Amino acid sequence: VPKLELRAVRQRYRGSRGETLALDRMDLAVAPGESVAVLGPSGCGKSTSLLAACGLQRPTEGEVLVDGAPLAGPRLETALILQDFGLMPWKTVEQNAALGLQVRRMPKKERMSRAHDALRQVGLDEFAKAYPSELSGGMRQRLAMARALACDIDLLLMDEPLSALDALLREEMQNMLKRCWREEGYAQVLVTHSIEEAVFLGQRIVVMTPRPGRVAKVVDNAEMVADD
Ligand code: ADP
Ligand code: ADP
């Protein structure tokens, strides 16, 4: 049973300039523990696919399944990392890392201990008491990762998580994303417009058409193995 499945997902948006068909019968299946990169031009519906996959937006038509069951809304074991990382500027690094656990009503002591473990994993433990504004772009990215890792996720969805970073940092962060995925064993979907990033991080690469987006082709990426 796939961890995540999108079946013929269609999304229409009504905006000031009328109706847009953003996604047209998008199909996607991600096996447990698998890493899939979704590659496509701007506006082809990549973000829309992730909103559907995490249960934040119900598609106009089609089905979203997790572990073979229809997804009714956001679930605790799925994390979504956005381009701007979604950090809370008024909370410290450790509080940001613990946010997902707070939602789960985990007691404070356990929450902070798990948050610190996750911060250690991404090399941010020394900055636990700092605020996001004091962090560099790469460190903010690692903090977003720590927040997801603290939660025992089985599915990680990422919407161009590296595109706000400069080239050198991007390479370093790609390595971190790969290492965390290997260590933790969650399934992941990485949405990107960078071919290089897709090749580095995706065991399968799903190439989308321009808007309205649908799958143009799927490429097996034999180079990208889980334990090389
Ligand atoms: P991508 O992530 O591939 O850039 P998106 O999923 O963000 O694509 O958007 C797909 C299309 O849908 C774009 O044309 C975008 O302008 C449009 N769109 C996205 N969100 C909305 C919205 N909330 N309302 C109206 N149009 C939207
Ligand atoms: P209604 O159509 O009566 O408003 P619901 O919104 O509760 O019903 O959803 C009907 C069915 O669709 C339920 O089985 C629900 O789990 C499933 N469902 C809800 N959201 C999604 C989604 N994003 N993708 C696929 N199925 C969904």
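Me: Which polar backbone atom lies 2.9 Å from a nitrogen atom of ligand 2?

Reply: That atom belongs to L71. We call this a polar contact, a pair of N or O atoms within 3.5 Å. This is a predicted model, in which local features need pLDDT (the predictor's confidence in each residue, from 0 to 100) of at least 70 and side-chain atom pairs need 80 or more, while totals for chains, interfaces and linings use all residues. Residues are numbered from 1 along each chain as its sequence is written, chains are lettered from A and ligands numbered from 1 in the order written, and side-chain values use heavy atoms, without hydrogens and water.

Me: How confident is the prediction, going by the mean pLDDT of the chain?

Reply: The mean is 93, and 98% of the residues reach 70 or more. For the model there are also an ipTM of 0.68 and a pTM of 0.85.

Me: Back to ligand 2. Which other atoms does it meet?

Reply: The side chain of R58 has an N or O atom 2.5 Å from an oxygen atom of ligand 2. On the backbone of V64, an N or O atom lies 3.3 Å from a nitrogen atom of this ligand. Taken alone, ligand 2 exposes 560 Å², and the protein buries 47% of that (Shrake-Rupley method, 1.4 Å probe).

Me: Which residues surround ligand 2?

Reply: A residue counts if one of its heavy atoms lies within 4 Å. Here the shell consists of R58, P59, E63, V64, P70, L71 and A72. By class, 5 are nonpolar, none are polar and 2 are charged (Asp, Glu, Lys and Arg count as charged; Gly counts as polar).

Me: And which residues are around ligand 1?

Reply: Look for Y13, A22, R211 and the run P41, S42, G43, C44, G45, K46, S47 and T48. The shell divides into 4 nonpolar, 5 polar and 2 charged residues.

Me: How do I find empty space?

Reply: Rolling a probe the size of a water molecule over the atoms shows where it is left. On a 1 Å grid, a pocket is an open set of points with protein on both sides within 12 Å along at least five of seven lines, a cavity is a set where a 1.4 Å probe fits but cannot get out, and lining residues have an atom within 4 Å of a point. The largest pocket holds about 550 Å³. Its lining has 22 residues, with T78, A79, L80, G100 and R147 nearest the centre. Strand β6 gives the most, with 4 residues, and the lining has 16 nonpolar, 3 polar and 3 charged residues.

Me: Which residues lie nearest the centre of the second largest pocket?

Reply: They are R58, P59, G62, V64 and L71, out of 13 lining residues. R58, P59, V64 and L71 also belong to the shell of ligand 2.

Me: How many cavities of 30 Å³ or more does the search find?

Reply: It finds 1. The largest cavity has a volume of about 40 Å³, and its lining has 10 nonpolar residues, 1 polar and no charged. Among the lining residues are L4, M26, S49 and V191.

How values were computed: Points joined across faces, edges and corners; volume = space filled by probe spheres on them. Polar contact = N/O pair within 3.5 Å; in protein donor to acceptor, adjacent residues only side chain to side chain. Helix = DSSP H or I, 4+ residues; strand = E, 2+ residues; numbered from the N terminus.
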